[in-house]
Amino acid sequence: MSRILLCEDDHLIGTMVRLNLQQDGYEVDWRKTGEAAVEALGGARFDVILLDIGLPGISGIDVARTVRRQGVGTPILMLTARDDTESKVQALDSGADDYLSKPFDMAELLARVRAQIRRSQGSLEIASNAELRMGGARVDSERRALQTDDGVWHDLSDKELVLLQFLAKNPGRALSRADILEEVWGMDASPTERTVDNFIVRLRRWVEADPENPCHIVTVRGWGYRYEP
Ligand code: CA
């Protein structure tokens, strides 16, 4: 289970964010001051830090600087009060990986948290140029092509390659169609969830011995797909 450190002094926002994160299956440690957040980071490992800029005592900017100086590499998503360029620049300069301006949409916050977790896990698991094996197929990212078990090479489109890499980085994890759309098509994607299904059908023809009964790219009913190595 992924652990999130939430540092937010506003009771209402903190309560809402914590509730939504918990509903998505995250374990949340909620601290209300910057000092308490720094203290929490000394004692435990987190997957993402959600950090409000405006805090009593030391600010979110100071917290980010402090923890980066201490060598903590955990992704930081900064919550900025205003949509002004200066606080965004400050947030990124202080060591934050991303920011979100208040008032924010809860679905967007959750999506950005997922993106940070994927990015940090993905970079640990496989280098982007590594050769992947998926079922009966060999994916060569450098060549942007895939070789099926009959030895035939197939060129991959950008989206097909990103989708294969995304699945491979998340073995055993149920990925929602929305997660896949975000990762492969971007946040403001116009394609529908049906697009994801069509791409999966195509990938299965290459990866699966029996595409009608897939055992590597399996359907998670009412949700999305899961990659089983
Ligand atoms: Ca605040």
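**Figure 1. Asp52 in strand β3 of the predicted model.** Asp52 sits in β3, the strand of residues 48-52. The model shown here and in the views below is predicted. Asp52 has a relative accessibility of 3%, so it counts as buried. The cut-off for buried is under 20% relative accessible area. The side chain of Asp52 makes a polar contact of 3.0 Å with the side chain of Lys102. Leaving out residues up to four places away in sequence, Asp52 touches Cys7, Glu8, Asp9, Gly60, Leu79 and Lys102.

**Figure 2. The cis peptide bond between Lys102 and Pro103.** The bond from Lys102 to Pro103 is cis. Its omega is near -5°. Pro103 belongs to the loop that runs between β5 (98-101) and α5.

Figure 3. Helix α2 spans residues 34-43. Which residues of α2 are buried? They are Gly34, Ala36, Ala37, Val38, Ala40 and Leu41.

**Figure 4. Ser120 on helix α5.** Ser120 lies in α5. Its relative accessible area is 25%, so Ser120 counts as partly exposed. Ser120 and Pro75 are separated by 45 residues in sequence. In space, their C-alpha atoms are 7.4 Å apart.

**Figure 5. The largest pocket.** The space in the largest pocket comes to about 290 Å³. The lining has 13 residues, and the closest to the pocket centre are Asp24, Tyr26, Arg114, Arg173 and Asp179. By class, the lining holds five nonpolar, three polar and five charged residues. Helix α5 (106-125) and strand β10 (174-176) each contribute at least two lining residues. Which element gives the most to the lining? It is α5, with three residues. Why does the pocket lie between the domains? Domain 1 (3-124) and domain 2 (131-227) both give residues to the lining, so the pocket lies between them.

Figure 6. The domain assignment gives domain 1, residues 3-124, and domain 2, residues 131-227. How far apart are the domain centres? Taken over C-alpha atoms, the separation is 31 Å. Where the domains meet, six residues of domain 1 are in contact with eight residues of domain 2. The chain around them has eight helices and twelve strands. Its C-alpha atoms fill a box of roughly 65 × 35 × 35 Å along the principal axes. Of the 229 residues in the chain, 48% count as buried. Among contacts between residues at least 6 apart in sequence, 53% join residues at least 24 apart.

**Figure 7. Arg144 in the loop between β7 and β8.** Arg144 has a positive phi of about 55°, although it is not a glycine. The loop that holds Arg144 lies between β7 (137-140) and β8 (145-147). Is Arg144 buried or partly exposed? Its relative accessibility is 35%, so Arg144 counts as partly exposed.

**Figure 8. Val184 on helix α7.** Val184 is part of α7, the helix of residues 177-185. With a relative accessibility of 6%, Val184 counts as buried. Leaving out residues up to four places away in sequence, Val184 touches Lys159, Val162 and Leu163. Val184 and Leu12 are 172 residues apart in sequence. Their C-alpha atoms are 34 Å apart in space.

**Figure 9. Asp197 and its polar contact with Arg177.** Asp197 sits in α8, the helix of residues 193-207. Asp197 is buried, because its relative accessibility is 11%. Which residue meets the side chain of Asp197 in a polar contact of 2.7 Å? The partner is the side chain of Arg177. Beyond residues up to four places away in sequence, Asp197 touches Arg177 and Tyr225.

Note on methods: Residues are numbered from 1 along each chain as its sequence is written. This is a predicted model: local features need pLDDT of at least 70, side-chain atom pairs count only at pLDDT 80 or more; totals for chains, interfaces and linings use all residues. Side-chain values use heavy atoms; hydrogens and water are left out. On a 1 Å grid over the protein atoms alone, a cavity is a set of points where a 1.4 Å probe fits but cannot get out, and a pocket is an open set with protein on both sides within 12 Å along at least five of seven lines; lining residues have an atom within 4 Å of a point. Grid points are joined across faces, edges and corners, and a volume is the space filled by probe spheres set on the points. Helices (H or I, at least four residues) and strands (E, at least two) are DSSP runs, numbered from the N terminus. Ala, Val, Leu, Ile, Met, Phe, Trp, Tyr, Cys and Pro count as nonpolar, Asp, Glu, Lys and Arg as charged, and the others, Gly among them, as polar. Domain bounds come from an automatic or database domain assignment. Buried means under 20% relative accessible area, exposed over 50%, partly exposed in between (1.4 Å probe, protein chains only). A polar contact is a pair of N or O atoms within 3.5 Å; within protein, one must be able to donate a hydrogen and the other to accept it, and residues adjacent in sequence count only if both atoms are side-chain atoms. Contact means heavy atoms within 4.5 Å.
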